[in-house]
Each structure stands twice: as C-alpha cells, then as structure tokens.
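Please keep the sequence and the 3D view at hand while reading.

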Amino acid sequence: MKGRALLAPMAGVTDKPFRDICRQFGAALTTSEMVASDAKLRNSLKTRERLIFSEDEKPRSVQIVGSDPMALAEAARFNVENGAQIIDINMGCPAKKVCNVAAGSALLKDEKLVATILETVVKAVNVPITLKTRTGWDKQNKNGLSIAKIAEDSGISALAVHGRTRECAYKGGVEYETIANIKSRINIPVIVNGDITSVEKVKDVLDYTHADAVMVGRAAQGNPWIFREINEYLNTGAKLARPTLEERQKVLTDHITNLYLFYGEYRGVRIARKHIKWHCEGIQRYISYKNVINKIESADKQLAIVNQFFHQSIMEGEKAA
Ligand SMILES: Cc1cc2nc3c(=O)[nH]c(=O)nc-3n(C[C@H](O)[C@H](O)[C@H](O)COP(=O)(O)O)c2cc1C
C-alpha cells in the first residue's frame, strides 16, 4: 500500500463517490460500506449500490457482516467472484440493527463462533481476509486480545481495532493502550482506529501503539484532505496548509455532482446535504445558508446555492476551520 492512512468503512458515508475522493487525497485503502451476508438481500438496491467500485479502487475491499459462518463464507465467495481482492469482516459495528441479529460487535460475546466464522471464511476464498473489531463487548468483558489471537490463529491477514468496547459505542476515550497490547502480542498487521483527528495525533498514536497503520473515520467526513496531510506529515514531518475555500468549493461541488450521477437526482440531493454540512459548518456564513440548503430539492439549485455560498464566503475573506 502507498501509505499508512486508511479510510474506515462507514455505512451511509463511504459510498463509491466518497471513497473515490479519499483515494484521490491519498487514502491507502478504502473499504465498501458493510454488506449483509444474507444471500436474500444480495439483490436489494442497497447491497447492489454498495458493491459498485471504480476501476482504480485497488485493492478492492468488501466488508461483509453476518453471524452464520456458511452464509459469510458464501458471501465472501460471491464477492471474490465479482472482483473483491480483500474481504473484511465486520465485528465492530454496534448498531442495533446489526447487533439484534447477533452480528457486528455482538459476535465478540461468543469467541467460539468468532473462531468458526473466521476459519470458515479464510478457507472459502484465496484472497486476504481482514477483521475489524473492538476492544471487547463491554468494560467487564474486554476480550479484544483474545479475539486478536483467534484472528491470527484463523489466518486473518490484518486486524483493525476500534479502541472502544461495544457498550461504549462512540463515547468515552479510545483505549490506545489495549491496541498497543494487542500489537505487542500478535504478529499480523494491526490497524489502529478511533478518534484519529489530526496529523499530530496520528504520529503520537503510531509511536505509542506501534500499530502498522491508522484508520480514519469521522474525521474524513467533509475532510478528505486529512489523508494528504497524514501522508505528508509521516513522510516529511511537514504540516500542510489547510485547503483554501476555492479548493473546498471545487472538491465539494465535484463530490455532490458525483452523488447526483450515482444515486440519481432525488436521492443524490438528499444524500449530498450531510456532505455539504460537513464541508461547510466550519465556515461562518453557513449558519445563514443551512436551512435554505436543506430545503432545496433540485440538483441544479443545490449546486448553485453551494457555489453562491462559497463565492460570498471567499469575497468576505472567510477562512474554513
Ligand atoms: C456513520 C457511521 C457508520 C459506520 N459504519 C460502519 C460499517 O459499516 N462497518 C464498520 O466496520 N464500522 C462502521 N463504523 C465504525 C467506523 O468504521 C469507525 O470504527 C468508527 O467511526 C471509529 O473511528 P473514528 O473515530 O475515526 O470515526 C461506522 C461509523 C460511523 C460514524
């Protein structure tokens, strides 16, 4: 891989248009949003959309989620036949929709099942299988290390660890010490994840955990530049300037145009709203545009108002955060 900063899979965010931008700015690996292993859902629009990749998205990593070893193995085979070069297994997602069917991080409760799933999927295909997990189920059951050892013994090629338990969801500090411990006890690459928000933090966290790479999630929302900044900082120690408003405008308008093309106008305009917010909320003038932007229903008008917003902000000499 060309760098040590990877994009975290985020359902509802890391679709093809978003991944393409993050790669353009230097994300070394991007992964699809999670897709259900259940074959019955394979033909749903959601699953089909989540399995669309750009030609240059290499290696092509598909994340699968589920709890039935055979169904997960079958999903891995299906995706490899359709071009996946890495299969990532989701054991990190705390979402109710996922956990109620004992998938995602709910699986961490059942180490025997984790072993069976990992061994079965590794045997099913001949591409690397990676695992995304957490530090445990809850504070009393921090079995992240045990899961990491199971992963290594099962033939998993790399392990990404979000430094929180399932119970903690996204709250509280990230336990980098647990990730450092995991890294010191296993021999497969470990990717550290959770609250990586600045280049300085990347350096500190890598030095502290000795992890092989970092995985950035929410800090990339409205901020694909973070990958370019991390790569530069790790390579040369230099801190790049933040993007200008002109660059922001170009990247955001290209992004939302790609959303219209990918999802069609009706859904594209609605999906674009959150990306516009993430890009613009650090710019003062956005407060007066927010409600207007969120009510617009046509692509032309949305694009026009975004351009007008940037034009005014640039004229007034505003700076983005
Ligand atoms: C909106 C959203 C969707 C997510 N969807 C997934 C997912 O599909 N698969 C997964 O493994 N993790 C998912 N996650 C977890 C992230 O990959 C990541 O582990 C988490 O956000 C912590 O990293 P961060 O602090 O850099 O955001 C999601 C997180 C968010 C905020």
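The structure is a predicted model, in which local features need pLDDT of at least 70 and side-chain atom pairs count only at pLDDT 80 or more, while totals for chains, interfaces and linings use all residues. Residues are numbered from 1 along each chain as its sequence is written. Helices (H or I, at least four residues) and strands (E, at least two) are DSSP runs, numbered from the N terminus.

**Ligand surroundings**

- The ligand is surrounded by 22 residues, a residue being near it if its C-beta atom, placed from the backbone, lies within 6 Å.
- The closest of them are Ala8, Met10, Met34, Gly217 and Arg218.
- The shell divides into 10 nonpolar, 8 polar and 4 charged residues. Here Ala, Val, Leu, Ile, Met, Phe, Trp, Tyr, Cys and Pro count as nonpolar, Asp, Glu, Lys and Arg as charged, and the others, Gly among them, as polar.

**Nonpolar cores**

- A nonpolar core is a set of buried Ala, Val, Leu, Ile, Met, Phe, Trp, Tyr and Cys residues joined through C-beta atoms within 7 Å. A residue is buried if 20 or more other C-beta atoms lie within 10 Å of its own, exposed if 12 or fewer, and partly exposed in between, with C-beta atoms placed from the backbone.
- The largest nonpolar core has 68 residues, of which Ile64, Val121, Leu159, Ile191 and Val214 touch the most other members.
- Helix H5 (residues 111-124) supplies the largest share of this core, 5 residues.
- Another core, of 12 residues, lies apart from the largest one and includes Val269, Val306, Phe309 and Phe310.
- Not counting residues up to four places away in sequence, Ile191 touches Leu6, Ala158, Leu159, Ala160, Ala211, Asp212, Ala213, Val214 and Met215. Two residues are in contact if their C-beta atoms, placed from the backbone, lie within 7 Å.

**Helices H7 and H8**

- The axes of helix H7 (residues 176-185) and helix H8 (residues 199-209) come within 8 Å and cross at roughly 45°. Axes are lines fitted to C-alpha atoms, for helices over the stretch in contact, and angles run from 0 to 180 degrees between N-to-C directions.
- H7 is therefore oblique to H8, since angles under 35 degrees count as roughly parallel, over 145 as roughly antiparallel, 65 to 115 as roughly perpendicular and the rest as oblique.
- On the H7 side, Tyr176, Ile179, Ala180 and Lys183 meet Val205, Tyr208 and Thr209 of H8. These contact residues comprise 5 nonpolar, 1 polar and 1 charged.
- Ile179, in helix H7, counts as buried, with 29 C-beta neighbours inside 10 Å.
- Leaving aside neighbours within four places in sequence, Ile179 is in contact with Val161, Gly163, Val190, Val192, Thr209 and Ala211.

- Most residues other than glycine have a negative phi, and most peptide bonds are trans.
- The peptide bond from Lys58 to Pro59 is cis, with omega near -5°. Pro59 is placed in the loop between helix H2 (45-50) and strand E3 (61-65).
- Asp195, although not a glycine, has a positive phi of about 55°. It lies in the loop between strand E7 (190-193) and H8 and is partly exposed, with 18 other C-beta atoms within 10 Å.
- His210 is not a glycine either, yet has a positive phi of about 60°. Its place is in the loop between H8 and strand E8 (213-216), and His210 counts as partly exposed, with 13 C-beta neighbours inside 10 Å.

- Lys132, in strand E5 (residues 129-136), is buried, with 26 other C-beta atoms within 10 Å.
- The C-alpha atoms of Lys132 and Asp88 are separated by 7.0 Å, although these residues are 44 residues apart along the chain. Beyond four places in sequence, Lys132 touches Asp88, Asn90, Met91, Gly92 and Ala160.
- His275, in helix H10 (residues 245-280), is partly exposed, with 19 other C-beta atoms within 10 Å.
- The C-alpha atoms of His275 and Gln221, 54 residues apart along the chain, are separated by 7.2 Å.
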